[in-house]
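Here are a few exercises on side-chain contacts, each with a worked solution. Grab your viewer and follow along.

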Amino acid sequence: MPAKSSTIVTALTAAALVAVGVLGYQASASAPDTLNEARKDSHHAPKNHGDRHDKKDKAPAPAPVPAASGTGRRIVYSLGAKRVWLVDAKGTARRTFPVTPSTVSPPPGSYAVGSRSVSVTGSDGIAIEHVVRFAAINGVTVGFSAAVDGSRPAPGPAKKTGGIRESREDGKAMWDFALHGTKVVVVS
């Protein structure tokens with residue numbers, strides 16, 4: 001019996017090593033090229049990183065807060081750029097992100113967050129969360145929200161909706177920032 005159990009242990013150990021090797025190869029093969037290049041560079045290239053980076057390596061600068069959006073802590077919504085900025089009291093954008101506009105847009109001006117809902121069903125029938133409402137235009141309530149399923153489809157032009165859609169991650173950031181009464185500035 002002892003010879004047989006040692007054979008089993010050896011076979012299991014060999015199988016485990018093969019499995020680990022295969023998984024390691026798969027992980028290496030599926031890694032982004034930037035990680036593979038960094039791995040290669042770390043062993044063979046000199047450590048002078050200042051000369052290696054060119055413009056395409058840098059992340060694009062975030063879109064600046066629109067100049068005509070006022071001062072102080074506020075949410076800025078640009079109709080033309082289809083973008084939102086969460087701006088702190090010092091005028092610094094804490095976050096900016098793209099949005100999918102609703103079919104009913106508020107005219108440029110200053111508003112305030114009037115109500116919030118953790119989760120509801122949108123006027124388009126989609127389950128939404130982190131709803132931050134700030135305007136009513138011709139009976140249509142306008143506000144920011146995120147679809148629970150993560151989708152951001154453009155609304156059909158035939159239906160009047162006021163939901164300005166954002167990603168779930170951006171919706172959570174908006175929810176945390178946009179307390180009742182927070183100023184919302186809509187610009188062209």
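**Exercise 1. Is Y77 buried or exposed?** Work it out from the relative accessibility.

Solution. Keep in mind that this is a predicted model. Step one: the relative accessibility of Y77 comes to 1%. Step two: buried means under 20%, so Y77 counts as buried.

**Exercise 2. What geometry does the ring pair of Y77 and F144 have?**

Solution. For Y77 and F144, the centres are 5.8 Å apart and the planes stand at 85°. Planes over 60 degrees apart count as edge-to-face, so the Y77 and F144 pair is edge-to-face. Now place the partners on the chain: Y77 belongs to strand β1 (residues 74-78) and F144 to strand β7 (residues 140-147), so to speak two distant parts of the chain, 67 residues apart. As for F144, its relative accessibility is 0%, and it counts as buried.

**Exercise 3. Classify the pair of F134 and F144, then find the cluster it belongs to.**

Solution. Start with the numbers: F134 and F144 are 5.1 Å apart centre to centre, with 25° between the planes. Next, the location: F134 lies in strand β6 (residues 127-137) and F144 in strand β7, 10 residues apart, and the pair links distant parts of the chain. Both F134 and F144 are buried.

**Exercise 4. Which residues does R95 meet in salt bridges, and what network results?**

Solution. Take the partners one by one. The side chain of R95 meets that of E169 in a salt bridge, at 3.1 Å from N to O. That pair links distant parts of the chain, with R95 in strand β3 (residues 93-98) and E169 in helix α3 (residues 168-177), 74 residues apart. R95 also forms a salt bridge with D170, where the closest N and O atoms are 2.8 Å apart. Here too distant parts of the chain are linked, D170 in helix α3 and R95 in strand β3, 75 residues apart. Put together, salt bridges that share partners join R95, E169 and D170 into one network. Now check the accessibilities: R95 is partly exposed at 26%, E169 is exposed at 59%, and D170 is buried at 9%.

**Exercise 5. How many salt bridges are there, and how exposed are the partners in the one between D88 and R94?**

Solution. The count comes to five salt bridges. One of them joins the side chains of D88 and R94, 2.8 Å from N to O. For D88, the relative accessible area is 12%, so D88 is buried. R94, at 58% relative accessibility, counts as exposed.

**Exercise 6. Over which rings do the charged ends of R73 and R116 sit?**

Solution. Begin with R73: its charged end sits over the ring of F177, 3.8 Å from the ring centre. Then do R116: its charged end sits over the ring of W175, at 3.6 Å from the centre.

How values were computed
Residues are numbered from 1 along each chain as its sequence is written. This is a predicted model: local features need pLDDT of at least 70, side-chain atom pairs count only at pLDDT 80 or more; totals for chains, interfaces and linings use all residues. Side-chain values use heavy atoms; hydrogens and water are left out. A salt bridge is a side-chain nitrogen of Lys or Arg within 4 Å of a carboxyl oxygen of Asp or Glu. Buried means under 20% relative accessible area, exposed over 50%, partly exposed in between (1.4 Å probe, protein chains only). Helices (H or I, at least four residues) and strands (E, at least two) are DSSP runs, numbered from the N terminus. Rings of Phe, Tyr and Trp (its six-membered ring) pair if their centres lie within 6.5 Å; planes under 30 degrees apart count as stacked, over 60 as edge-to-face and the rest as tilted. A charge sits over a ring if NZ of Lys or CZ of Arg is within 6 Å of the ring centre and within 35 degrees of the ring normal.
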